[in-house]
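Welcome, and please take a moment to look over the model shown here. We will begin with a pair of helices and then widen the view.

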Amino acid sequence: MSTAQDARAGRKHVSAAVRREQLVAAALRVMKRDGIAAATTRAICAEADMPHGAFHYCFRSKQELHTALLTTGLNTSLDAAWPSISPDLPAVDNVRTMLDAFWTAFQADPEAELVLGELVTLARREPELRELPAWQHREYVAKAVAHLDRLAEEAGFDYSVDRALLAELVVSVLDGVASSWFSHRDGELARASLDQFAVMFATLTR
């Protein structure tokens, strides 16, 4: 068997789905470290330790990559909050617990969140990507509605306003607090803002 055949025989097969995940993770690392402009297909493949052709095998366009990157931002887990939610607690305490779980998840990797925000801004300016911001917003709101549904069920209350509208408000506030934090980097101020929002949010429960 030739050396090339030996190499092929010893090479572990990696599925396209796994390669996509690896390329998305590599793209995010490059963007966090060097900026979005530096994330060329060659730079991403080098970061992932893959041949350049692997990128075009896994992604048909820049839009596909950016969609995959933005999808990572939709996976914020609030699992840490749910065991502490109780119908025996005041509504404001339950809301605070949920918001605190969000902020803890955000603080785990704020630079990734910064990159995703920059991607949305970029997409608004590029014709081939202009559908992405609206898609991302719809997905965020849908995720927020799901969290609000579970919060109401776990905490034993309902809302006095339409849940979709409340979800829009929640997404806007969280986005605003996160955006402000990138300017002042004051975690205490951010948490104080979320705490005040929890008080206002609780007035919309019954």
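Predicted model: local features only at pLDDT ≥ 70, side-chain atom pairs only at ≥ 80, totals over all residues.

Helices H2 and H7 stand roughly perpendicular to each other (a label for angles of 65 to 115 degrees, where under 35 would be roughly parallel, over 145 roughly antiparallel and the rest oblique). Their axes cross at roughly 95 degrees and come within 9 Å; such axes are lines fitted to C-alpha atoms, for helices over the stretch in contact, with angles from 0 to 180 degrees between N-to-C directions. H2 brings Leu-28, Met-31 and Lys-32 to the contact, and H7 brings Glu-111, Ala-112, Val-115 and Leu-119, where contact means heavy atoms within 4.5 Å. By type, these residues divide into five nonpolar, no polar and two charged. Here Ala, Val, Leu, Ile, Met, Phe, Trp, Tyr, Cys and Pro count as nonpolar, Asp, Glu, Lys and Arg as charged, and the others, Gly among them, as polar.

Residues are numbered from 1 along each chain as its sequence is written, and side-chain values use heavy atoms, with hydrogens and water left out.

Now for the whole chain. The protein chain has 10 helices and zero strands, these being DSSP runs (H or I of at least four residues for helices, E of at least two for strands) numbered from the N terminus. Its C-alpha atoms fill a box of roughly 75 × 35 × 30 Å along the principal axes. Of its 206 residues, 37% count as buried, meaning under 20% relative accessible area, with exposed over 50% and partly exposed in between (1.4 Å probe, protein chains only). Among contacts with a separation of 6 or more, 69% come from residues 24 or more positions apart.

Next, turn to residues 40-59, which the unreviewed UniProt entry annotates as "DNA-binding region"; UniProt positions are given in the numbering used here, feature names are shortened, and annotations may be inferred rather than shown by experiment. This stretch is 70% helix and 0% strand, with its end C-alpha atoms 13 Å apart.

Which residues of helix H3 (residues 41-48) are buried? They are Ile-44, Cys-45 and Ala-48. Seen down the axis of H3, the buried residues fall within an arc of 95 degrees, so they line one face of the helix; the arc is that of the directions from the helix axis to the C-beta atoms. Arg-42 and Ala-46, on the other side of H3, are exposed. The buried residues of H3 pack against helix H2 (16-34), helix H4 (53-58) and helix H5 (62-72). Just after H3, Asp-49 takes a positive phi of about 60 degrees.

Finally, consider two glycines. Gly-73 lies in the loop between H5 and helix H6 (91-108) and counts as buried, at 4% relative accessibility. Leaving aside residues up to four places away in sequence, Gly-73 touches Leu-116 and Tyr-140. Gly-73 and Glu-113 are 40 residues apart in sequence and 7.2 Å apart in space, C-alpha to C-alpha. Gly-117, in helix H7, is partly exposed, with a relative accessible area of 35%.
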